[in-house]
Amino acid sequence: AYSKAHEVGDEAVLLFQLSGCPVVAGRDRIAGAEIAAQHGDVIILDDGFQYRQLGRVCDIVLVPSEGVGNGHLLPAGPLREPISALSRADIIVRSGYEEHTALSDVKEWRWVAQSAIIRDWKGVWDMPLESGRSIRVVTAIARPYRVATDLKLMGMRIREHHRFADHHVYTKADVQALAQFDEAMVTTAKDAVKLLPLWPNDKPLWVLEQQ
(Lines give C-alpha, C1' and ligand atoms only; values in the text may rest on other atoms or scores of the structure.)
Protein backbone atom coordinates (compact mmCIF):
# COMPACT_ATOMS: atom_id res chain seq x y z
CA ALA A 1 0.00 0.00 0.00
CA TYR A 2 1.13 3.55 -0.72
CA SER A 3 1.94 5.95 2.08
CA LYS A 4 -0.80 8.30 3.23
CA ALA A 5 -0.55 12.09 3.48
CA HIS A 6 -0.85 12.03 7.28
CA GLU A 7 2.13 9.64 7.39
CA VAL A 8 4.63 11.29 5.03
CA GLY A 9 3.12 14.73 4.32
CA ASP A 10 0.84 16.14 1.64
CA GLU A 11 3.64 17.30 -0.66
CA ALA A 12 5.34 13.90 -0.78
CA VAL A 13 2.10 12.15 -1.75
CA LEU A 14 1.25 14.77 -4.37
CA LEU A 15 4.75 14.65 -5.90
CA PHE A 16 4.47 10.86 -6.22
CA GLN A 17 1.05 11.07 -7.85
CA LEU A 18 2.15 13.74 -10.34
CA SER A 19 5.54 12.26 -11.26
CA GLY A 20 5.14 8.53 -10.85
CA CYS A 21 8.70 8.47 -9.48
CA PRO A 22 9.85 7.12 -6.11
CA VAL A 23 9.53 9.76 -3.38
CA VAL A 24 11.40 9.39 -0.09
CA ALA A 25 10.27 11.38 2.98
CA GLY A 26 12.21 11.55 6.23
CA ARG A 27 13.89 13.82 8.76
CA ASP A 28 17.37 12.40 8.03
CA ARG A 29 18.16 13.81 4.58
CA ILE A 30 21.40 11.84 4.23
CA ALA A 31 19.69 8.52 4.96
CA GLY A 32 16.88 9.50 2.61
CA ALA A 33 19.35 10.32 -0.16
CA GLU A 34 21.02 6.94 0.28
CA ILE A 35 17.65 5.21 -0.10
CA ALA A 36 16.73 7.33 -3.12
CA ALA A 37 20.07 6.51 -4.79
CA GLN A 38 18.99 2.86 -4.92
CA HIS A 39 16.04 3.78 -7.18
CA GLY A 40 17.53 6.10 -9.81
CA ASP A 41 20.39 8.21 -11.10
CA VAL A 42 19.01 11.69 -10.29
CA ILE A 43 17.93 12.88 -6.84
CA ILE A 44 15.86 16.05 -6.44
CA LEU A 45 15.94 17.27 -2.83
CA ASP A 46 13.00 19.46 -1.84
CA ASP A 47 13.74 22.30 0.58
CA GLY A 48 17.37 21.24 0.93
CA PHE A 49 19.41 24.34 0.11
CA GLN A 50 20.86 24.50 3.61
CA TYR A 51 21.88 20.80 3.73
CA ARG A 52 25.42 21.45 2.53
CA GLN A 53 26.68 18.13 3.89
CA LEU A 54 25.04 16.55 0.84
CA GLY A 55 26.94 16.92 -2.44
CA ARG A 56 24.96 18.50 -5.25
CA VAL A 57 25.44 19.61 -8.85
CA CYS A 58 22.79 22.35 -9.03
CA ASP A 59 21.06 24.51 -6.42
CA ILE A 60 17.70 25.98 -7.49
CA VAL A 61 16.06 28.32 -4.98
CA LEU A 62 12.42 29.42 -5.28
CA VAL A 63 11.59 32.82 -3.79
CA PRO A 64 8.05 34.27 -3.68
CA SER A 65 7.72 37.37 -5.84
CA GLU A 66 6.07 39.07 -2.83
CA GLY A 67 9.42 38.96 -1.03
CA VAL A 68 10.94 37.18 1.94
CA GLY A 69 8.89 38.55 4.81
CA ASN A 70 10.79 40.66 7.32
CA GLY A 71 14.16 39.31 6.15
CA HIS A 72 15.03 37.84 9.56
CA LEU A 73 16.14 34.32 10.42
CA LEU A 74 14.00 31.82 12.33
CA PRO A 75 12.33 32.26 14.79
CA ALA A 76 12.15 36.03 14.29
CA GLY A 77 11.42 35.63 10.58
CA PRO A 78 10.88 33.02 7.84
CA LEU A 79 14.48 32.56 6.69
CA ARG A 80 16.76 29.61 7.46
CA GLU A 81 19.81 31.49 6.15
CA PRO A 82 20.66 35.13 5.45
CA ILE A 83 19.75 36.60 2.05
CA SER A 84 23.48 36.64 1.23
CA ALA A 85 23.40 32.82 1.09
CA LEU A 86 21.65 33.12 -2.28
CA SER A 87 25.10 33.72 -3.76
CA ARG A 88 25.55 29.93 -3.52
CA ALA A 89 22.52 29.28 -5.74
CA ASP A 90 22.95 28.34 -9.38
CA ILE A 91 19.44 29.53 -10.29
CA ILE A 92 16.88 31.67 -8.47
CA VAL A 93 13.23 31.31 -9.52
CA ARG A 94 10.78 34.03 -8.50
CA SER A 95 7.27 32.56 -8.29
CA GLY A 96 4.03 34.52 -8.46
CA TYR A 97 2.40 37.42 -10.24
CA GLU A 98 3.85 40.39 -8.35
CA GLU A 99 6.64 42.56 -9.71
CA HIS A 100 9.88 42.32 -7.76
CA THR A 101 13.45 43.51 -7.48
CA ALA A 102 16.44 41.17 -7.63
CA LEU A 103 17.75 39.79 -4.33
CA SER A 104 21.23 38.86 -5.53
CA ASP A 105 23.59 38.85 -8.49
CA VAL A 106 22.52 35.30 -9.41
CA LYS A 107 20.43 35.07 -12.58
CA GLU A 108 16.72 35.05 -11.70
CA TRP A 109 14.05 33.20 -13.64
CA ARG A 110 10.31 33.93 -13.49
CA TRP A 111 7.67 31.25 -13.01
CA VAL A 112 3.90 31.60 -12.72
CA ALA A 113 1.79 28.45 -12.42
CA GLN A 114 -1.16 28.49 -14.81
CA SER A 115 -4.48 27.19 -13.53
CA ALA A 116 -5.92 25.03 -16.27
CA ILE A 117 -9.11 23.28 -15.21
CA ILE A 118 -11.32 22.41 -12.22
CA ARG A 119 -11.90 18.66 -12.07
CA ASP A 120 -13.79 16.41 -9.64
CA TRP A 121 -11.18 14.11 -8.08
CA LYS A 122 -13.83 12.08 -6.24
CA GLY A 123 -15.14 10.79 -9.56
CA VAL A 124 -18.77 11.78 -9.10
CA TRP A 125 -18.79 14.14 -12.11
CA ASP A 126 -17.11 13.41 -15.44
CA MET A 127 -17.13 16.99 -16.75
CA PRO A 128 -14.98 19.91 -15.51
CA LEU A 129 -16.62 22.63 -13.42
CA GLU A 130 -18.03 25.28 -15.70
CA SER A 131 -17.26 28.99 -15.40
CA GLY A 132 -19.63 31.29 -13.54
CA ARG A 133 -20.56 28.87 -10.75
CA SER A 134 -21.01 29.98 -7.16
CA ILE A 135 -18.42 28.02 -5.20
CA ARG A 136 -16.78 27.58 -1.83
CA VAL A 137 -13.02 27.21 -1.51
CA VAL A 138 -11.01 25.34 1.10
CA THR A 139 -7.22 25.64 1.42
CA ALA A 140 -4.44 24.88 3.88
CA ILE A 141 -1.52 26.40 1.99
CA ALA A 142 0.95 29.23 2.49
CA ARG A 143 -0.56 31.71 0.02
CA PRO A 144 -4.30 31.02 -0.27
CA TYR A 145 -5.03 34.35 -1.96
CA ARG A 146 -3.33 33.06 -5.13
CA VAL A 147 -5.97 30.34 -5.43
CA ALA A 148 -8.76 32.85 -4.97
CA THR A 149 -7.22 35.11 -7.62
CA ASP A 150 -6.98 32.27 -10.14
CA LEU A 151 -10.57 31.18 -9.53
CA LYS A 152 -11.89 34.71 -10.02
CA LEU A 153 -9.91 35.02 -13.25
CA MET A 154 -11.62 31.81 -14.39
CA GLY A 155 -15.01 33.41 -13.80
CA MET A 156 -15.93 31.68 -10.55
CA ARG A 157 -17.95 33.45 -7.85
CA ILE A 158 -16.54 32.62 -4.42
CA ARG A 159 -19.25 32.40 -1.76
CA GLU A 160 -16.74 31.76 1.04
CA HIS A 161 -13.07 30.83 1.38
CA HIS A 162 -12.40 28.41 4.24
CA ARG A 163 -8.75 29.00 5.18
CA PHE A 164 -6.75 26.65 7.37
CA ALA A 165 -3.11 27.01 8.43
CA ASP A 166 -0.45 25.72 6.04
CA HIS A 167 -0.02 21.91 6.31
CA HIS A 168 -3.20 21.62 8.40
CA VAL A 169 -4.19 17.99 8.98
CA TYR A 170 -7.87 17.76 8.08
CA THR A 171 -10.10 15.89 10.51
CA LYS A 172 -13.40 14.10 10.07
CA ALA A 173 -15.06 17.04 11.82
CA ASP A 174 -13.50 19.46 9.32
CA VAL A 175 -14.80 17.44 6.39
CA GLN A 176 -18.24 17.04 7.91
CA ALA A 177 -18.48 20.81 8.29
CA LEU A 178 -17.25 21.45 4.74
CA ALA A 179 -19.38 18.80 3.04
CA GLN A 180 -22.67 20.17 4.37
CA PHE A 181 -22.81 23.05 1.87
CA ASP A 182 -24.69 22.85 -1.42
CA GLU A 183 -22.16 24.89 -3.41
CA ALA A 184 -19.30 23.17 -5.22
CA MET A 185 -16.27 22.84 -2.93
CA VAL A 186 -13.02 23.69 -4.71
CA THR A 187 -9.56 23.01 -3.33
CA THR A 188 -5.94 22.58 -4.41
CA ALA A 189 -4.21 19.34 -5.39
CA LYS A 190 -2.06 19.64 -2.26
CA ASP A 191 -5.20 19.80 -0.09
CA ALA A 192 -7.02 17.13 -2.07
CA VAL A 193 -4.58 14.34 -1.18
CA LYS A 194 -5.52 14.92 2.48
CA LEU A 195 -9.23 15.53 1.97
CA LEU A 196 -10.03 12.66 -0.43
CA PRO A 197 -9.78 9.79 2.09
CA LEU A 198 -12.29 11.57 4.34
CA TRP A 199 -14.57 13.08 1.68
CA PRO A 200 -18.07 11.56 1.12
CA ASN A 201 -18.13 9.19 -1.85
CA ASP A 202 -21.31 10.73 -3.26
CA LYS A 203 -20.14 14.36 -3.16
CA PRO A 204 -17.73 15.90 -5.71
CA LEU A 205 -14.43 17.37 -4.53
CA TRP A 206 -13.38 19.89 -7.14
CA VAL A 207 -9.63 20.44 -7.60
CA LEU A 208 -8.03 23.44 -9.28
CA GLU A 209 -5.44 21.76 -11.49
CA GLN A 210 -2.38 23.57 -12.82
CA GLN A 211 -0.27 23.04 -15.91
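This is a predicted model: local features need pLDDT of at least 70, side-chain atom pairs count only at pLDDT 80 or more; totals for chains, interfaces and linings use all residues.
1. **Strands S2 and S3.** Val93 has Trp109, in S3, as its bridge partner.

2. **The whole sheet.** Three strands make up an open sheet. Their order is S1-S2-S3, and the pairing is parallel. Strand S1 (60–64) and strand S3 (108–111) stand at the edges. Each has a single partner strand, so one side of each has no neighbour in the sheet. Neighbouring strands are turned against each other by 30 degrees on average, direction ignored.

3. **Pro64.** This residue lies in strand S1. Is Pro64 buried or exposed? Its relative accessible area is 16%. Buried means under 20%, so Pro64 counts as buried. Now look along the chain from Pro64 to Arg94. The two are 30 residues apart in sequence, yet their C-alpha atoms are 5.5 Å apart in space.

4. **Arg136.** Look for Arg136 in strand S5, which covers residues 134–139. Its relative accessibility is 6%, so Arg136 counts as buried. What does its side chain contact? A polar contact of 2.9 Å joins the side chains of Arg136 and Glu183.

5. **Helix H4.** This helix spans residues 144–153. Its buried residues are Pro144, Arg146, Val147, Ala148, Asp150 and Leu151. Check the backbone just after H4 as well. There, Gly155 takes a positive phi of about 90 degrees.

6. **The second largest pocket: space and centre.** This pocket holds about 600 Å³ of space. It is lined by 23 residues. Which of them are closest to its centre? They are Ser3, Lys4, Ala5, Val8 and Val13.

7. **The second largest pocket: who supplies the lining.** Three helices each supply at least two lining residues: H1 (5–8), H2 (10–19) and H6 (189–195). H2 gives the largest share, with five residues. Sorted by class, the lining of this pocket has 15 nonpolar residues, five polar ones and three charged ones.

How values were computed: Residues are numbered from 1 along each chain as its sequence is written. Side-chain values use heavy atoms; hydrogens and water are left out. On a 1 Å grid over the protein atoms alone, a cavity is a set of points where a 1.4 Å probe fits but cannot get out, and a pocket is an open set with protein on both sides within 12 Å along at least five of seven lines; lining residues have an atom within 4 Å of a point. Grid points are joined across faces, edges and corners, and a volume is the space filled by probe spheres set on the points. Helices (H or I, at least four residues) and strands (E, at least two) are DSSP runs, numbered from the N terminus. Ala, Val, Leu, Ile, Met, Phe, Trp, Tyr, Cys and Pro count as nonpolar, Asp, Glu, Lys and Arg as charged, and the others, Gly among them, as polar. Buried means under 20% relative accessible area, exposed over 50%, partly exposed in between (1.4 Å probe, protein chains only). Two strands pair if DSSP finds at least two bridges between them. Axes are lines fitted to C-alpha atoms, for helices over the stretch in contact, and angles run from 0 to 180 degrees between N-to-C directions. A polar contact is a pair of N or O atoms within 3.5 Å; within protein, one must be able to donate a hydrogen and the other to accept it, and residues adjacent in sequence count only if both atoms are side-chain atoms.
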